[in-house]
Amino acid sequence: MYTVDKDVFAFIKPSLDAHTMGINSAAELLRDCGYQVIIGNEKIADAMNNIKYEVNRQIVLDWICSNKITQIGLSYRLDEDEAVNMVGYFMNELKNNNMLSFQGGPIKTIFFAGLPKTCEIIEREHKGFVKTFKGGESIRESLTKMGVPEERIPKDIIEGSLYDDLRMEFGKDIINSGDYDSFKPINRATYDEYGTAEDTVVKRLSSNMKDSFMPLMRAHVGPYSSSVDRLDSVKEFISWAENLAAAKYLDILSIGTSQLTQSNFGEDWEGRPNGGGVPVNSPEEYRMIWSASRPLLLRTYAGTKNVPELAKIHEETLNICWHALSLWWFNKLDGRGPYDLYTNLKQHVETLKYIAKTNKPFEPNLPHHFAFRGADDVTYIVSAYLAARLAKKMKIRTLILQNMLNTPRYTWGIQDLAKSRAMLTLVKSLEEPNFKVILQPRAGLDYFKPDLEEAKMQLAAVTALMDDIDPHDEASPSIIHVVSYSEASHLATPDIINESIKITQYSLQKYRELRRNGKIEDMSKNIDVQERMLELLDSAKTIISGIEKYIDNPYSAEGFYKIFAAGFLPVPYLWGEIEEFKHAKAWKTKPIRGSVKVVDENNRIVKSEKVVEYARENIKEVEYILNQKIDITKI
């Protein structure tokens, strides 16, 4: 691959912000165009967290100079004030040291990716020198804004899919008609336990299967402002919960708790950065939320410390409708928790045993977190299967299979369908009378555009994609995680959440009507989808067979550690603990015609057999490291 001139792009994000996918995607696109790209390591991310201190500004400045960086991208998608201050301190430091190009310095351009309002403030304050990315930009738009000439952009990374264009036309028709706004709430109060402490998601699904089924609607809700008192933020959330419960569009309210709620529940938070989300810090506050939200089903994030204990609190205070765990994630690997990977896995296995005793469902909050770290489509599928096998072994009876579509954002719809069907086929192969799988698709985190009308059309289009996963089963999907259309613009209020649900339910009805009348393609018969699904199934089975052949007791904390550390699940964009998990980072991945595949250093596609062989060679080394960890815990 050629290198263009002497330009060196660098990307930095504060460690407090867990959103890394945009940075990783931009970096890979620039590399495909021939540029050298550097991503700030953990030390740089920590320095950006507290850039107001001179010592941290010097750390970042030294890093820029030593790497001869010419273009810098910053990303922060959390609190608006903190983002504006971060960019302000950073720009002042560059100016004070004559680092900018108009001062004769090396820095040609600064980029910032964040929420639209934050971007507008930054554009205004820095008079256009900082180019901003508000979300939803196409690949061509992104590269052009970063100064890449059209002739440098490889053709295969800007190709599109006709199926995606047709779904967007469907979305435009839905939104332009405005008919979705007349959609009425569905009466779910068809069984005695509805909204009580004895209610469950399984009972709500079973009761609503009796008539013409419409999926349950789940939404993630989390108002927060760093400028108001913690208890005021909790009270605001309670008010939102009451509003959503009264409107009756939402079925499952996911409490978007703060980072500190997850990592330091019940402790003194004085002086600690919160990172956004509802700052719940006591069982009493959870009980208040439960009371205010009747008859909604409730759930929330798992803890990242004392995980089994917090699961018990969620059970006792919220009657949590299902528990979610991320197994390999929400720890030191991604900077979202205090535990090393092995400790995290042990805690999650213990929590699974507890969940099984409650007879509540379990959701692996998992495959998309691999995708966020650059994993290929096969790894996405395999991670879901491994989690399901572990859950079944731990006596879980119901698995909620979350499937984040449009991840990464440049994924083609036909690739999403193939990936979804391959995953669903593998996981459902585990079903038996005591183990059932419930599909829960959702839109991608960075899928939506900041233009609200366009985003509404995208929401209708992605609903059609969800229905095409299993197009002839009207009970599938059983649950839809509705990502509100304002995701790229601003926090979704109750009114926006309700409108997003209306769009989703109405679009689903209309799309099914078009299919019944033969006015859209029957995607169950699409040859491209079928061929790719079979390819993915074959590759996933190869990886799984390799794991089960070479890893002792694979479905355990020790097994999952070895699987990851040996390199069976490639994650080239891993940010934390990279020395210990160098084999997990060993492979590159690359977007190829709307999919993501593992490639070698020459960008040639790598077969799954080669991934297995590479990982097999690392097992003895990984077992030695793990045994040292186990010995330490015995001391």
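Me: Which residues of helix 5 are buried?
Reply: This is a predicted model, where local features need pLDDT of at least 70, side-chain atom pairs count only at pLDDT 80 or more, and totals for chains, interfaces and linings use all residues. Residues are numbered from 1 along each chain as its sequence is written, and side-chain values use heavy atoms, with hydrogens and water left out. In helix 5 (residues 116-125), Pro116, Thr118, Cys119, Ile121 and Ile122 are buried (under 20% relative accessible area, 1.4 Å probe, protein chains only). Helices are DSSP runs of H or I, at least four residues, and strands are runs of E, at least two, numbered from the N terminus.

Me: What do the buried residues of helix 5 pack against?
Reply: Helix 4 (80-96), strand 4 (109-113) and strand 5 (130-133), with contact meaning heavy atoms within 4.5 Å.

Me: And what follows helix 5?
Reply: Lys127, with a positive phi near 50°.

Me: New topic. Where does Asn365 lie?
Reply: In the loop between strand 10 (362-364) and helix 14 (367-372).

Me: Is Asn365 buried or exposed?
Reply: Buried, at a relative accessible area of 11%.

Me: Which side chain does Asn365 join in a polar contact?
Reply: That of His368, at 3.1 Å. A polar contact is a pair of N or O atoms within 3.5 Å; within protein, one must be able to donate a hydrogen and the other to accept it, and residues adjacent in sequence count only if both atoms are side-chain atoms.

Me: Which residues is Asn365 in contact with, leaving aside neighbours within four places in sequence?
Reply: Ala324, Leu325, Ser326, Phe330 and Gln402.

Terms used: Buried means under 20% relative accessible area, exposed over 50%, partly exposed in between (1.4 Å probe, protein chains only).
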